[in-house]
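Trainee: Could you take me through this model, one point at a time?

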Number of protein chains: 2
Amino acid sequence: MAKLNHHFSKLSGNYLFPEIEKRVADYRQKTPHCKLMDLGIGDITQPLPASAVAALAGAALEMGKQGAFRGYGPSEGYSFLREAIASVEYAGLEIDPSEIFISDGAQSDIANFQELFDIDNRIAIPDPTYPVYLDSNVIAGRTRALLKTGRHGGVTYLPCTEENEFKPQVPTIPIDLIYLCSPNNPTGTAMDRKLLKQWVDYAKENNAILLLDGAYSAFITDPDAPQSIFEIEGAREVAVEFRTFSKSAGFTGLRCSYTVVPKGLKIYDFGSIHSLHALWNRRHATKFNGVAYPIQRAAAALFTPQGQKEVKALVSSYLERARLFRQGLANLGYTVYGGQDSPYLWCKTPPKVSSWNFFDYLLQSHQIVSIPGSGFGHAGEGFIRFSAFADSSALGEALQRLKSG
Amino acid sequence: MAKLNHHFSKLSGNYLFPEIEKRVADYRQKTPHCKLMDLGIGDITQPLPASAVAALAGAALEMGKQGAFRGYGPSEGYSFLREAIASVEYAGLEIDPSEIFISDGAQSDIANFQELFDIDNRIAIPDPTYPVYLDSNVIAGRTRALLKTGRHGGVTYLPCTEENEFKPQVPTIPIDLIYLCSPNNPTGTAMDRKLLKQWVDYAKENNAILLLDGAYSAFITDPDAPQSIFEIEGAREVAVEFRTFSKSAGFTGLRCSYTVVPKGLKIYDFGSIHSLHALWNRRHATKFNGVAYPIQRAAAALFTPQGQKEVKALVSSYLERARLFRQGLANLGYTVYGGQDSPYLWCKTPPKVSSWNFFDYLLQSHQIVSIPGSGFGHAGEGFIRFSAFADSSALGEALQRLKSG
């Protein structure tokens, strides 16, 4: 008799995004003529940069020509893209193109990377943070029973609160795999150089691995916060970095990302030394067949001078939206964090109002869709996330509605 | 201290395709001016159908336009593609579009599907067959130690040999998860209706799940061999089917496939009934973010009348190559199977010559690249696989070289 992976039953029943969709759909059904301002899900609202469009369309035509089309590509990605990323994104950082694996999404790679590790590794995750770090470990069986609090047994949570300026602190106990997210989704706070150095040192002392989600790194403006963990000395020996073109270049509908696994990253286990790079390479080749050639061409076009100009303009425009919205919320008396190194704003709910209650209030009284902070973890209670990827007009209209009470 | 997933060490060291690449590269280095005829890896050699090219290029332009571009799509795929597949590929078979999950490759889906099941399920795989069924289960820890024979402990192998006409027979012991591949890669043999019915009945009796890899189903010509397992009565309650556009429509460089998980497929476990469809949906949404919109548009274009004409012409042309090559080999005295319901030819090596020795002989004496049958499993020993996806001219030249001895 086939038996189920019983770890699935430990997943939190209220999966955040479907729950939001359900409440929004219910509200829409009751008030079909309302005009919702969606500041919830972090999807882009500006089209693909022209350079990427041209490259994508050009590659589409190539695919139809004998002598020009491409069949199976390398599962780790085409050299033309890996080299472009190494020379532009990691200029001066000694990242070799062969250390960069092209993939179809940072979400997939972050969810899959834990497969390289034994079930009994101790994991730590920021709280609040993006749900996939935890969920992928739950499915794999690396967590224990769901506690009454809604937290998972066997997981070390790293609180990111007002008290510590939303910066996950190095723990006093040994952890094996640590997920970090900088700038953090949802708090919008980037980790500074000093904090990242503490984490690198901690990882070295404990033979731990840092898994850094840098999905929003292009939005970092603070000169004290590195865009890559590999700016930190020693990081090559302890860290893996996940990046994506989704937000910086409007690729959410195209699906292209990359993961940097330095060759210096070794694990001592079973009495010998293992290369995480070799292991990921094997996993990648076994369970993944590469990203579509035209999509990789589109991504490579972002690294031309014109492509870089377009990406920078796109990032700036979202950051400007974030600045204006943050300013507007502050003028209305809200306490707001984030929005300076990230497109996300982390807004405190009014005193004694829970995240979900504030979500419902915003939806029902102002027809504004947000994301309740508690959906990202316990320490997110009392906050709400707004996305500045929303249309300028939606952000402006939302402010107007809040203003008029 | 971070600890590795020790199951990786159980993977067979000689991973088939890298070993072939190595031997070919070594030979090339020694004889740089030789002209190799590559009949090895099953990659396509004809460009993308014109309908798909036009749709892909059109969607690329859409992605650059405000009001037209698409961000995140549904992780399970766009309705326009799921509906097209249901109405054309499953016409008359009661497969609902919501039962079809769009993915980036049959390889990924087949490798990932085992995650839904507990580690202690008993698995069976055909021998020989595509290595990913076994490798994904090895990595997950569902197999025991690697035996001296090179086989894996805890796995039931289903021999596909000349004696049983390369048809995996229903076992006499209970198995929980059974991988089937029809037409089989590498033997090129499709399972007939009677045999599939036996498997469906077996699965019902044993509460087992059939995971049918139909990557090459479009090549089936035998009226007795169904293109889909869902043509078999009762299959909706026990089977999952994996399909891809890779070979039938030249999509190896575009990456698009689909998996059919019928809603009737239930598992009784932990004292209650679970829907495999709901579980796969959850896994998909958690660890995958959908296929690129332009790629899905390209796939949907294959279901227009013009697209269907192009796909049929492509499949026929590869089958014609297979027919001619099989005929040629037979004329030279070789014993050849497959090539009638599949683009793969399964050719017996000369008496007492092993697969790898025959591979080396073909490479060194005739500059022909093939795939040693033993790389697909023990029962593949004494065979070699040729791919009729190769260029017509390469197939013709290979025959000439074999003829001239």
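Mentor: We go through conventions, domains, a helix, a sheet and some backbone details.

Mentor: This is a predicted model, in which local features need pLDDT of at least 70, side-chain atom pairs count only at pLDDT 80 or more, and totals for chains, interfaces and linings use all residues. Residues are numbered from 1 along each chain as its sequence is written, chains are lettered from A and ligands numbered from 1 in the order in which they are written, and side-chain values use heavy atoms, with hydrogens and water left out.

Trainee: What area is buried between domain 1 of chain A and domain 2 of chain A?

Mentor: Chain A is divided into domain 1 (10-47 + 306-403) and domain 2 (52-304), with bounds from an automatic or database domain assignment. The contact (heavy atoms within 4.5 Å) takes 34 residues from domain 1 of chain A and 42 residues from domain 2 of chain A. Buried area is the accessible area (1.4 Å probe) that two parts lose on being put together, summed over both. Carbon and sulfur atoms give 60% of the area between these domains, which is about 3100 Å².

Trainee: Which element gives the most to the side of domain 1 of chain A that touches domain 2 of chain A?

Mentor: Across this interface the rule finds 19 residue pairs in polar contact (both at pLDDT 80 or more). A polar contact is a pair of N or O atoms within 3.5 Å; within protein, one must be able to donate a hydrogen and the other to accept it, and residues adjacent in sequence count only if both atoms are side-chain atoms. The elements that give two or more residues to the domain 1 side are helix H9 (305-331), strand S11 (336-338), strand S12 (344-348) and strand S15 (383-387) of chain A; helices (H or I, at least four residues) and strands (E, at least two) are DSSP runs, numbered from the N terminus. With eight residues, the one that gives the most is H9(A).

Trainee: How many of the nine residues of helix H5 of chain A are buried?

Mentor: Buried means under 20% relative accessible area, exposed over 50%, partly exposed in between (1.4 Å probe, protein chains only). The cover of the buried residues of H5(A) includes strand S3 (123-127) and strand S5 (177-181) of chain A, together with helix H7 (276-287) of chain B. Helix H5(A), residues 132-140, is largely enclosed by the rest of the structure because the buried residues number eight.

Trainee: What is the bridge partner of Val336(B) in S12(B)?

Mentor: Two strands pair if DSSP finds at least two bridges between them. Four strands of chain B form an open antiparallel sheet in the order S11-S12-S15-S14. S11(B) and S12(B) pair over three bridges. In S12(B), the partner of Val336(B) is Cys347(B).

Trainee: Is Leu177(A) buried or exposed?

Mentor: Leu177(A) lies in strand S5 of chain A. Leu177(A) touches residues including Phe117(A), Ile209(A) and Ala2(B). Its relative accessibility is 0%, so Leu177(A) counts as buried.

Trainee: What is phi of Phe166(A)?

Mentor: Most residues other than glycine have a negative phi, and most peptide bonds are trans. Phe166(A) is in the loop between S4 and S5 of chain A, and is buried at a relative accessible area of 4%. The phi of Phe166(A) is positive, near 60°.

Trainee: Which residue does a cis peptide bond join to Asn185(A)?

Mentor: Omega of this bond is about 25°. The second residue is found in the loop between S5 and helix H6 (193-206) of chain A. The residue joined to Asn185(A) is Pro186(A).

Technical notes. Lists of a residue's contacts leave out its neighbours within four places in sequence.
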